[in-house]
Amino acid sequence: MRKYVYIVGDLLISVMIALLLSNVIVTKMKGEQQVAQDLQIKVSQQHVNKIISLLQGDHEVIKSSQVKYPAHGESYAILRNEARDFTKEVTFGDSDDILEVSIGQYESSGIPGEGKPILLAGHNGTHFRQLRDFEKGDHVIIDTDYGSFIYEVSGTEIMSQYDFDSAILDREEEFLIMYCCYPFDSLSTDDRYFVYAKKIDGVKIEGDGSWKE
């Protein structure tokens, strides 16, 4: 009789553990679904804002006074690669706290449309985990409140973080640089994996002495 009591007790414990695990999994799935829905809503709103902007002025050039320059820590864009089912937020700044929750942009690089190189960073195990899948010819899209910008992947490169020449950011040419730690399964390394993409579509921001307040 005692043997059956033990067996029933073990079964009850197993059932309770299974229920707890099930609740954890369901909660996590709901959280991931909510994040995906929020991103989709943000992309849709940015497309609406782009249409309004185009109806109000030139389709190729907008004034800097029509664009709000992002502040440190502000999530101001969505980065997409539809071929890789990739959609992530971009936050202005690349401090550790920003990279924990988002892709970060080096603040001394340009914003889309400004005509300068754009430098984006992300952790290889989270927000830039799929960067390894980006291939030459892929279209990478940056959606902002003032327009959508398309960049075509032109190549990749692996180098030490100490070999990266920041002078590339001084060029008067708009292209996209994305990078993360390499190898992809490493937690701490000096090497970086770079993906380069050239701008092929999107409005140009023409400076008129100020930015939108």
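Author: Glutamate 135 and arginine 84 form a salt bridge, with the closest N and O atoms 3.3 Å apart. A salt bridge here is a side-chain nitrogen of Lys or Arg within 4 Å of a carboxyl oxygen of Asp or Glu. This is a predicted model: local features need pLDDT of at least 70, side-chain atom pairs count only at pLDDT 80 or more, and totals for chains, interfaces and linings use all residues. Residues are numbered from 1 along each chain as its sequence is written, and side-chain values use heavy atoms, with hydrogens and water left out.

Reader: How exposed is glutamate 135?

Author: Partly, at 46% relative accessible area. Arginine 84 is partly exposed too, at 22%. Buried means under 20%, exposed over 50%, partly exposed in between (1.4 Å probe, protein chains only).

Reader: How many salt bridges does the structure hold?

Author: Eight. One of them joins glutamate 82 and arginine 80, at 2.4 Å, N to O. Glutamate 82 is exposed at 58%, while arginine 80 is buried at 10%. Another pairs glutamate 114 with lysine 116, closest N and O atoms 3.6 Å apart. Lysine 116 is partly exposed, at 32%.

Reader: Which residues are joined into one network by shared partners?

Author: Arg80, Glu82 and Asp143.

Reader: Switching to arginine 192. Which strand is it in?

Author: Strand β9, residues 191–201. Arginine 192 is buried but has no salt bridge. The nearest side chain of opposite charge, aspartate 190, is 5.7 Å away. Lys and Arg count as positive, Asp and Glu as negative; His and the chain ends are not counted.

Reader: What lies 2.7 Å from a polar atom of the arginine 192 side chain?

Author: The backbone oxygen of threonine 189.

Reader: And what is arginine 192 in contact with, beyond four places in sequence?

Author: Its contacts (heavy atoms within 4.5 Å) include Glu157, Met159, Tyr179 and Cys181.

Reader: How does β7 run against β9?

Author: Antiparallel, with ten bridges joining β7 (residues 147–160) to β9. Threonine 156 stands opposite valine 195 there. Strand β8 (residues 175–181) is also antiparallel to β9, through seven bridges. On that side, isoleucine 177 stands opposite tyrosine 196. Strands pair if DSSP finds at least two bridges between them.

Definitions and conventions
Helix = DSSP H or I, 4+ residues; strand = E, 2+ residues; numbered from the N terminus. Polar contact = N/O pair within 3.5 Å; in protein donor to acceptor, adjacent residues only side chain to side chain.
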